[in-house]
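Here is a short report on one protein model. Keep the sequence and the structure in view as you read.

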Amino acid sequence: MSEMTPLEARLTEENEALRTENARQAQEIKLLREKIDLLVRRLFGASSEKLDTGQLLLALEGEEAKKPEASGDALSALEADPTSPAKPSRQRKSKGGITDALLDSLPSVDIVLDPEEVRAEPEAWRQIDEQVTRQLDYEPARYVCRRIVRRRYVRRDAPHRPPIIAELPTMLERSKAGPGLLAAILTAKYCDHLPLYRQEQIARWRHGINLTRQDMSRWVGLAAEWLRPLYQVILGGILEDYYAQFDETVIKYLEPGSGRAQHGYFWAIKRPGGDAAFHWATTRAATVLEKIVPVDFGGIIQCDGYSAYPAFARRRGQMIVLAACWAHARREFVEASQTGAHQADALLLVRLIGRIYEIEARLRSRRASAKLRAVTRQAESRPIIDRIGAILTHWKKRRRHLPKSQMGKAIDYALTVWNGLRVYLEDGRVEIDNNEVENAIRPTAVGKKNWLFIGDAEAGERSAIVFTVIEACRRRGIDPFEYLRDVFTRMPQMAAKDYASLTPTAWAAARQADKPQKKDRARPKPSDLQRRCA
């Protein structure tokens with residue numbers, strides 16, 4: 001065979017370079033299309049991660065219909081699908097609405113309607129019956145002037161001595177706002193997510209009162225300082241246990257001189273079945289966890305795959321065990337199932353993860369103890385998780401998916417946090433995911449859509465305090481306005497050592513204990529007619 005001329009060699013080299021470049025560009029185009037498709041789905045698609053069952057089965061049936069390659073026999077054995085356990089039956093939730101029980105529990109206002117003939121000649125008519133129609137109505141709030149009258153006295157037998165007068169509560173010395181107004185502003189801002197400028201407009205347009213944002217902002221800062229001791233009690237109660245869930249969310253804030261909004265963070269700490277607390281920080285670094293978590297804390301922290309948590313755990317040593325979140329892992333595969341050519345692979349893993357969630361749902365419906373949950377997970381969930389791990393490891397070794405594809409990223413994420421995903425198998429007290437702390441963060445997500453950013457870094461700390469107290473009220477079914485008004489009324493007159501009686505837990509328990517007594521006092525005495533009928 002004759003040797004190639006220099007021109008032929010150069011052309012061959014250029015052709016090979018073009019083929020390599022074309023293959024690289026084709027791969028890049030494929031990955032970019034996946035990203036564009038995923039972004040379009042995030043912007044315009046349904047936000048729920050639920051998958052259509054028909055689509056899931058159709059994709060899997062299509063994959064099973066293919067003949068496995070010779071090199072994929074081991075993988076096919078791993079993907080053999082055992083009989084799916086029956087899903088626990090779901091009871092239909094009772095529909096809400098205006099019920100008789102609701103109307104009976106509310107104070108009533110009677111409006112009597114008589115015919116015109118009766119009103120014209122009432123002495124000619126005798127009432128024989130009445131028909132009552134009930135409606136749920138609403139009376140708008142109103143502003144009142146709260147007069148605090150402090151009388152001065154002198155002794156009759158010593159009129160020359162200085163007169164005495166009751167002390168003004170500390171809060172009232174620094175603010176013209178009463179406890180009810182402070183409670184209303186905080187409830188509207190942090191529970192109903194009304195920014196202060198909207199509250200200013202409502203007060204002016206509907207009530208003719210000029211409440212400036214500057215005054216309300218100052219009052220919010222004052223109220224947050226009063227709530228700080230309760231916030232510290234709530235946060236300490238969460239971290240005194242061995243197990244807590246963590247998550248963080250971005251909150252923009254204004255920094256003077258920067259020219260644009262900066263990124264701050266609410267770090268949420270939740271004890272499953274207990275309270276949630278928020279910690280404000282201007283950074284997302286692992287050093288924030290050093291400030292939040294006490295030095296003597298030893299136990300399990302459940303979190304996502306963010307790198308700050310492993311860095312913090314390495315600093316603390318063996319005292320901290322990181323538990324990962326299966327919901328985050330599943331979310332990655334759900335997104336992968338919506339893009340790319342390997343949809344069936346992603347759907348297979350989504351279905352397997354769904355199996356372990358079915359087991360958790362059954363345990364939850366039975367209110368299983370921690371011991372029973374641990375035993376059931378070892379017997380039923382561990383084989384499924386071992387199978388998921390074997391599939392992921394096999395795919396990773398065979399390079400079945402491109403590392404930069406959505407499916408490749410999902411596999412890498414799951415394998416990176418794999419040890420953390422298995423922690424819940426060993427301890428029945430640990431939850432399968434971080435959903436409880438994510439649900440606690442949701443109110444802040446709703447709020448920042450309305451107020452867009454926080455005024456400054458100090459305002460972020462105040463917001464974290466109030467959000468924590470509001471969340472504690474929400475979890476117990478307490479009206480935050482009623483609670484805050486009572487706290488702001490009583491706290492200025494109490495010693496610091498008695499503040500523990502004002503925590504949402506203690507406050508709700510006291511109200512619950514008072515309810516039967518109030519009902520007995522409010523019970524009307526039977527009339528003579530009622531006694532005769534009895």
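Which residue forms a salt bridge with R228? The partner is E225, and the closest N and O atoms are 2.9 Å apart. A salt bridge here is a side-chain nitrogen of Lys or Arg within 4 Å of a carboxyl oxygen of Asp or Glu.

## Model and confidence

This is a predicted model: local features need pLDDT of at least 70, side-chain atom pairs count only at pLDDT 80 or more, and totals for chains, interfaces and linings use all residues. Residues are numbered from 1 along each chain as its sequence is written, and side-chain values use heavy atoms, with hydrogens and water left out.

The term pLDDT is the predictor's confidence in each residue, from 0 to 100. Its mean for the protein is 82. A pLDDT of 70 or more is reached by 82% of the residues. Over residues 55-89, pLDDT stays under 50. Over residues 518-534, pLDDT also stays under 50, and the model has two contacts beyond four places in sequence there. Contact means heavy atoms within 4.5 Å. Where pLDDT is low, the predicted coordinates should not be read in detail.

## Nonpolar cores

A nonpolar core is a set of buried Ala, Val, Leu, Ile, Met, Phe, Trp, Tyr and Cys residues joined through side-chain atoms within 4.5 Å. Buried means under 20% relative accessible area, exposed over 50%, and partly exposed in between (1.4 Å probe, protein chains only).

The largest core has 73 residues. Those with the most contacts inside it include L227, W267 and Y483. Helix 9 (residues 213-239) gives the largest share of this core, 14 residues. Helices are DSSP runs (H or I, at least four residues), numbered from the N terminus. Apart from this core lies another, of 38 residues, with F333 and I411 among them.

Look at Y483 in the largest core. Beyond four places in sequence, Y483 touches several residues, including L230, V469, P504 and W507.

## Salt bridges

The count comes to 28 salt bridges. R228 and E225 are three residues apart in helix 9, so about one helical turn separates them. E225 is partly exposed, at 42% relative accessibility.

E360 and R377 also meet in a salt bridge (2.9 Å, N to O). This pair links distant parts of the chain: E360 is in helix 13 (residues 343-365) and R377 in helix 14 (residues 370-398), 17 residues apart. E360 is buried, at 2% relative accessible area. R377 is buried too, at 0%.

D498 pairs with K497, with the closest N and O atoms 3.5 Å apart. D498 is partly exposed, at 33%, whereas K497 is exposed, at 70%. Shared partners join D100, D104 and R134 into one network of salt bridges.

Technical notes: Helices (H or I, at least four residues) and strands (E, at least two) are DSSP runs, numbered from the N terminus.
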